[in-house]
Amino acid sequence: MPIQSPFPIRLKEARLNKGLTQLQLGVRMGMDENSASARLNQYEKGKHAPDYDTMKRMAEELGVPVAYFFCETELEASLVKEMSKLSDDGKRNLLAKLLEQQI
């Protein structure tokens, strides 16, 4: 039995958290207004998957990192979103602390 991608669930969740319709998100991403809603619907239903460039534009519009779309649990998704807000120095410090705890 094939494993379901978490992408459709994460996409819909992020879009709803931003208070956007499928049409609004698609138009913000530069999609044609006549096809934006249908394309986003196909992505959210898991019938089609966007290419990386499209996924990157989605992530930017929704304020999440691309990795968020592939988190399998809510906890992982929350961690990825919060870590993406850190500066590079903050990320390095967090990584160092996590690695220290493993020793």
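Me: UniProt positions follow the numbering used here, feature names are shortened, and annotations may be inferred rather than shown by experiment. Which residues does UniProt assign to the feature "domain: HTH cro/C1-type"?

Reply: The unreviewed UniProt entry places that domain at residues 11-69. The model is predicted, with local features needing pLDDT of at least 70, side-chain atom pairs pLDDT 80 or more, and totals for chains, interfaces and linings using all residues. Residues are numbered from 1 along each chain as its sequence is written, and side-chain values use heavy atoms, without hydrogens or water.

Me: How many helices and strands does the protein have?

Reply: Helices (H or I, at least four residues) and strands (E, at least two) are DSSP runs numbered from the N terminus. The protein has six helices and zero strands, and its pattern along the sequence reads α-α-α-α-α-α. For the protein, the C-alpha trace spans about 55 × 35 × 20 Å along its principal axes.

Me: Which residues of helix H1 are buried?

Reply: Buried means under 20% relative accessible area, exposed over 50%, and partly exposed in between (1.4 Å probe, protein chains only). In H1, residues 7-17, the buried positions are Phe7, Pro8, Arg10, Leu11, Ala14 and Arg15. Viewed down the axis of H1, these buried residues fall within an arc of 165 degrees (taken from directions from the axis to the C-beta atoms), so they line one face of the helix. Ile9 and Asn17 are exposed on the face of H1 turned away from the buried side. After H1 comes glycine 19, with a positive phi near 70 degrees.

Me: What covers the buried residues of H1?

Reply: Contact means heavy atoms within 4.5 Å. The cover over the buried residues of H1 includes helix H2 (22-28), helix H3 (36-45), helix H4 (52-62) and H5. In the protein, contacts between residues at least 6 apart in sequence can be sorted by separation, and 46% of them join residues at least 24 apart.

Me: What share of the residues of the protein counts as buried?

Reply: The protein has 103 residues, and 29% of them count as buried.
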